[in-house]
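The entries follow the order in which I looked things up.

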Amino acid sequence: QVQLVESGGGLVQAGDSLRLACAASGRSFDTMVVAWFRQAPGKDREFVVVSTWIDSSTYSTYYADFVQGRFTISRDNARNVLYLQMNNLKPEDTAVYFCAAARTGIRRPMQAQAYDYWGQGTQVTVSS
């Protein structure tokens, strides 16, 4: 089993940056599929980015189109922490951000239903 806890959200102005963290416990997610999703008020949970393990040192990463080069996912495998660096935030980025994890080899990594483990979410609010 894996437990995930997000942190790092807050209230910022348009153009600011935030670094979200997702701390995992229970087992290492070094070789797991990990992702960030977000959910804005009144909307469905939305895919942001996924990172898939390839081998001992290589990962494949895919970002949603709306990211437009502004966000970066990274892993600190020694500490078992997943990060999302968000730059040039926009009001439309306002949402609860969730980290998620799943076993290697899931078939639809951009769909929330594919993931076995979820954090509680951290609120990001961007004012104009």
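**Entry 1: threonine 122**

I started with a polar contact: a polar atom of the threonine 122 side chain lies 3.1 Å from the backbone nitrogen of glycine 9. I noted at once that this is a predicted model, and that the distance was computed from it.

Next I asked where threonine 122 sits in the chain. I found threonine 122 in strand S11, which covers residues 122-127.

Is threonine 122 buried or exposed? I read a relative accessibility of 10% for threonine 122. The cut-off for buried is under 20%, so threonine 122 counts as buried.

I then listed what touches threonine 122, leaving aside neighbours within four places in sequence. Glu6, Ser7, Gly8 and Gly9 are among the contacts. Leu20 is in contact with threonine 122 too, and so are Ala95, Val96 and Tyr97.

**Entry 2: valine 126**

I stayed in strand S11 and moved to valine 126. Its relative accessible area is 5%, and I wrote valine 126 down as buried.

Which residues does valine 126 contact, leaving aside neighbours within four places in sequence? I found Val12, Gln13 and Ala14. I also found Leu89, Lys90, Pro91, Asp93 and Thr94 in contact with valine 126.

Glutamine 111 is 15 residues from valine 126 in sequence, and their C-alpha atoms are 25 Å apart in space.

**Entry 3: the whole chain**

I counted the elements of the protein chain and got 11 strands and 0 helices. Read along the sequence, the pattern is β-β-β-β-β-β-β-β-β-β-β. The radius of gyration is 14 Å, close to the 14 Å that the globule rule gives for 128 residues, so the chain is as compact as a globular protein of that length.

The C-alpha atoms fill a box of roughly 40 × 25 × 25 Å along the principal axes. Of the 128 residues, 42% are buried.

I looked at contacts with a separation of 6 or more, and 57% of them join residues 24 or more positions apart.

**Entry 4: surface and charge**

I noted that the protein chain exposes about 6700 Å², with 46% of it supplied by carbon and sulfur atoms.

How far apart are the mean positions of the positive and negative charges? For 12 positive and 11 negative charges, I read 4 Å.

Note on methods:
Residues numbered from 1 in each chain as written. Predicted model: local features only at pLDDT ≥ 70, side-chain atom pairs only at ≥ 80, totals over all residues. Heavy atoms only, no water. Helix = DSSP H or I, 4+ residues; strand = E, 2+ residues; numbered from the N terminus. Buried < 20%, exposed > 50% of the residue type's maximum accessible area, 1.4 Å probe, protein only. Polar contact = N/O pair within 3.5 Å; in protein donor to acceptor, adjacent residues only side chain to side chain. Contact = heavy atoms within 4.5 Å. Rg over C-alpha atoms; globule rule 2.2 N^0.38 Å. Areas by Shrake-Rupley, 256 points an atom, 1.4 Å probe, with all protein chains shown as cover. Lys, Arg positive; Asp, Glu negative; His and termini not counted. Charge placed at Lys NZ, Arg CZ, Asp CG, Glu CD.
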